[in-house]
Amino acid sequence: MPAKISIVIPTLNAETALQQCLEALMEGLSEGLIRELIISDGGSNDATMQIAEAAGAKIVTGPASRGGQLQRGCAAARGDWILVLHADTVLSRGWATVVNDHINNSEQGAYFRLKFRASGLGALWVAGWANLRSQVFSLPYGDQGLLVRRADYEGAGGYPDQPLMEDVALVRALPPLVGLSVKATTSADRYQRAGWVRRGARNLWTLLRYFAGVSPEKLAQAYRR
C-alpha cells in the first residue's frame with residue numbers, strides 16, 4: 001500500500017527557510033507516511049529549485065500567487081491526504097506519530113498549533129489569538145499548516161487562484177477542522193518589521209474586510225503597501 005500523504009509547499013525565493021522545513025519532515029519518511037513531496041514554485045531565482053531537486057521533490061511551476069501555486073501543487077497530489085505547509089514553517093519533533101495516529105483514526109481535517117520563531121509578549125499574543133481563533137471558529141491560517149483528505153479538498157473546490165485569503169476561502173468550504181498537538185513554528189519577520197500589534201491588527205482588519213465582500217485583489221494591494 002502506498003504512503004498516504006502528499007506534502008505540498010508553495011515557494012518563492014525560499015532558500016533561507018526551505019531546508020529547515022524539509023529536514024523536519026524527514027521523520028515522516030521513516031514512519032512510512034509521505035508518498036510524495038510537491039514544491040509549487042512561483043518563479044524563484046535563488047537556490048530554491050536546487051534544494052527541492054536535492055530532496056527528490058516533484059516540482060510544479062507557474063505565476064507567483066499563493067492561491068494559484070497551492071491550486072497547482074494540490075492538483076498534482078496523488079496521496080489520500082494532503083499536507084500543506086509554508087516554506088518557512090517547521091513542524092515540531094514527533095509530528096509524524098501524531099499525524100499517523102490521526103489519519104488512521106479520523107477522516108477529519110486538521111491543523112497545527114502556531115508558534116513564532118521569536119520570543120516576547122508580542123509573539124505569544126499573536127500566536128495565542130491565532131490558536132484561539134482556530135479552535136473557536138475553525139479558522140486556521142496557512143502558516144498553521146493544513147492536513148486534509150484529498151476527497152474533502154476536492155469536494156470543497158480546492159484553493160481558489162487568488163492573491164490573498166486563499167487559505168480562509170478553502171477552510172470555510174471544508175468541514176470543521178481539529179487542532180493537533182503539533183507545533184508549527186514559523187518565521188516572525190513580517191511581524192518584527194511592522195510591529196506585533198500593528199501587523200496583528202492589520203491582519204484582523206483584512207480578514208473583516210474579506211468577510212464584508214472586498215475582493216482579494218484589492219485586499220492584496222492594500223496588504224502589500
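Predicted model: local features only at pLDDT ≥ 70, side-chain atom pairs only at ≥ 80, totals over all residues.

Me: Let's start with the pockets. What volume does the largest pocket have?

Reply: The lining of the largest pocket takes in 45 residues. They split into 21 nonpolar, 12 polar and 12 charged. As for the space itself, the volume comes to about 1,400 Å³.

Me: Which element gives the largest share of that lining?

Reply: Several elements put two or more residues into the lining of the largest pocket, among them β1 (5-11), α1 (15-30), β6 (110-116) and α8 (189-194). The largest share is seven residues, and the helix behind it is α9.

Me: Now the second largest pocket. Which element gives the most to its lining?

Reply: This pocket has about 230 Å³ of space and 13 lining residues, with L22, M26, L29, L37 and A55 nearest its centre. By class the lining has 10 nonpolar, one polar and two charged residues. At least two residues come from each of α1, β2 (34-41) and α2 (48-54), and the top contributor, with six, is α1.

Me: On to D143. How far away is the nearest side chain of opposite charge?

Reply: D143 sits in the loop between α5 (121-137) and β7 (146-149). Beyond its sequence neighbours within four places, D143 contacts H86, T89, L114, A184, T186 and R190. D143 is buried, and R190 is its nearest side chain of opposite charge. A salt bridge needs a nitrogen-to-oxygen distance within 4 Å, so D143 has none: the distance to R190 is 4.1 Å.

Me: Last one: is Y210 buried or exposed?

Reply: Y210 is in helix α9. Leaving out residues up to four places away in sequence, Y210 touches Q162, M165, V168, A169, R172, P216 and L219. The relative accessibility of Y210 is 14%, and the cut-off is under 20%, so Y210 counts as buried.

Me: How far apart in space are Y210 and G79, C-alpha to C-alpha?

Reply: Along the chain, Y210 and G79 are 131 residues apart. In space, the C-alpha to C-alpha distance between Y210 and G79 is 32 Å.

Terms used. Residues numbered from 1 in each chain as written. Heavy atoms only, no water. Helix = DSSP H or I, 4+ residues; strand = E, 2+ residues; numbered from the N terminus. Buried < 20%, exposed > 50% of the residue type's maximum accessible area, 1.4 Å probe, protein only. Lys, Arg positive; Asp, Glu negative; His and termini not counted. Contact = heavy atoms within 4.5 Å. 1 Å grid on protein atoms, 1.4 Å probe; cavity = no way out; pocket = protein on both sides within 12 Å on 5 of 7 lines; lining within 4 Å. Points joined across faces, edges and corners; volume = space filled by probe spheres on them. Nonpolar A, V, L, I, M, F, W, Y, C, P; charged D, E, K, R; others polar.
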